[in-house]
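Here's a quick briefing to read alongside the structure.

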Amino acid sequence: MRFDAAVLRSYDSPFAVEEVVLNAGPARDEVLVEIAGCGMCRTDLAVRRSAGRSPLPAVLGHEGAGTVAETGGAETGLSVGDHVVLSFDSCGQCRSCRAAAPAYCDSFASLNLFGGRTEHATRFTDATGTVLAPRWFGQSSFARYAVVRARNAVRVDPSLPIELLGPLGCGFLTGAGAVFHSFGLSPGDTLAVFGAGAVGLAAVMAATAAGAVSVAVDRHPERLALAERLGALPLHAASADLPAHIRRSTGGGAQYALDTTGDARLINDALRALRPTGHLGLVARLHDTLPLEPGTLDRGRKISHICEGDAVPALLIPRLTALWQAGRFPFDQLIRTYPLADVNEAEADCDAGRVVKPVLIPNRGKR
C-alpha cells in the first residue's frame with residue numbers, strides 16, 4: 001500500500017512530503033486508519049533536538065484522528081468506517097496500566113518513542129525500500145494512513161468534525177486531564193496556568209468548565225487575549241512581582257498551578273504563587289537542573305510531574321467531545337488547519353507562536 005507522508009530525514013532538514021509504503025496490513029490487535037487530520041505537537045518538533053537519540057528517516061505525528069479502513073480482526077472491537085481519535089500506546093498488562101494509569105506504563109518509552117519497538121520494524125518503508133523508524137507514539141500519523149493498535153484508538157461520535165479531533169489524543173488531553181484528574185478541580189477552586197499554548201489553554205477551558213477560577217500567564221498578548229475569552233484572568237509573564245499579582249487575583253494564592261513552559265524562573269514564580277498545601281504540576285520535560293529558590297516548597301506545597309494528564313484516553317476523550325458539543329470546551333478555537341503539503345509552514349508558524357495548534361489535513365491539496 002502506497003500513500004503520502006511527511007518524512008523527516010535529518011534533524012535540521014525540512015519535512016519532505018513523499019510516497020511511503022506499508023508492506024503489511026494490520027495485525028490481529030491493530031487497525032489501519034485513514035487520517036482525516038493530525039495535530040502538530042511540540043513533542044514532534046522536539047525530535048530535532050534529540051541529539052541523535054531518535055533514528056531517522058521517520059514519520060512523526062501523534063495526534064491523529066480518522067476513519068478505520070481495515071481491521072486485523074474482531075478482537076479489535078472496531079469496525080471499518082468507525083471514527084477514531086488516536087492516543088499514546090500502552091501495554092495494558094503492567095501494574096500502571098492495570099491501575100488505570102496508562103501514561104505511566106512500564107513500556108511507555110519502548111512503545112511510543114523511536115528505537116524501542118521491535119515488532120513489525122521493517123514493514124514501513126519509503127519508496128526506495130529504506131526502512132522508516134517504527135511508529136511514533138504508536139501512530140506516525142503525519143500521513144494519509146496509520147497503523148495503530150486498537151488499544152490506542154478511541155471510537156467517537158461520527159457526527160463530530162473528525163479532522164479537528166486529533167489534538168484531543170495528546171495536547172488537549174494533557175491540559176484538561178491535569179485539571180480534571182491530577183488536580184480534581186471543583187467549583188470555586190483556583191488555578192494558575194503558566195504558558196498559554198495548546199496544553200495551557202486546554203487547562204483554562206477545563207477549569208472554566210469545572211467552575212474554577214483561573215489565571216493565565218504568557219508573553220504573547222494575542223494568547224493572553226484568547227485565554228481571557230476562554231475564561232481566565234490574563235497576566236503577562238514579564239509583570240513585576242508576578243506571584244503577588246496571582247495571590248491577589250486568587251484570594252491569597254492559587255490552590256493549583258500548571259507549568260507548561262519548563263522555564264525555571266516561572267516554575268519558581270508558580271510555587272511562590274501557591275497558597276499553603278498548594279500543588280504545582282509540570283508537564284514540560286526538563287533538560288537542565290531545576291534550581292528551587294529557598295522557601296518555595298515551604299508550608300506543605302508540593303511539585304509533581306504530570307504525564308498525559310493522568311488520563312485514560314478512552315474515558316477522557318468522550319468527556320471532552322461531550323463538553324465541546326455543550327459549548328463548554330471550545331477547542332476548535334485554538335486550531336488552524338494546513339494541508340499536509342504545508343507541513344513546514346505549519347512548523348514555522350508553531351515555532352513563531354503564530355498558531356496555537358496546527359492540524360495537518362492529508363487529503364487537502366496545497367494552498
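**Rings, strands and charges**

Searching the whole structure turns up 10 aromatic pairs. One of them is F88 with F108, a tilted pair whose ring centres are 5.9 Å apart, with 50° between the planes. Keep in mind that this is a predicted model.

**The F88–F108 pair**
- This pair ties together distant parts of the chain, as F88 and F108 are 20 residues apart.
- F88 belongs to the loop between β6 and α2 (95-98), while F108 is in helix α3 (residues 108-112).
- Why call the pair tilted?

**Strands side by side**
- Strand β5 (residues 64-71) pairs with strand β3 (residues 30-39) in the antiparallel sense, over 7 bridges.
- To spot this pairing, find V31, which stands opposite T71 in β5.
- Strand β5 also runs antiparallel to strand β6 (residues 83-86), and 3 bridges join them.
- Here you can look for T67, which stands opposite H83 in β6.
- As a rule, side chains in a regular strand alternate between the two faces of the sheet.

**Charges over rings**
- R319 has its charged end over the ring of F180, 3.9 Å from the ring's centre.
- R48 lies over the face of F15, at 5.3 Å from the ring centre.

Terms used:
Residues numbered from 1 in each chain as written. Predicted model: local features only at pLDDT ≥ 70, side-chain atom pairs only at ≥ 80, totals over all residues. Heavy atoms only, no water. Pairing = 2+ DSSP bridges. Helix = DSSP H or I, 4+ residues; strand = E, 2+ residues; numbered from the N terminus. Phe/Tyr/Trp six-rings, centres within 6.5 Å; stacked < 30°, edge-to-face > 60°. Lys NZ or Arg CZ within 6 Å of the ring centre and 35° of its normal.
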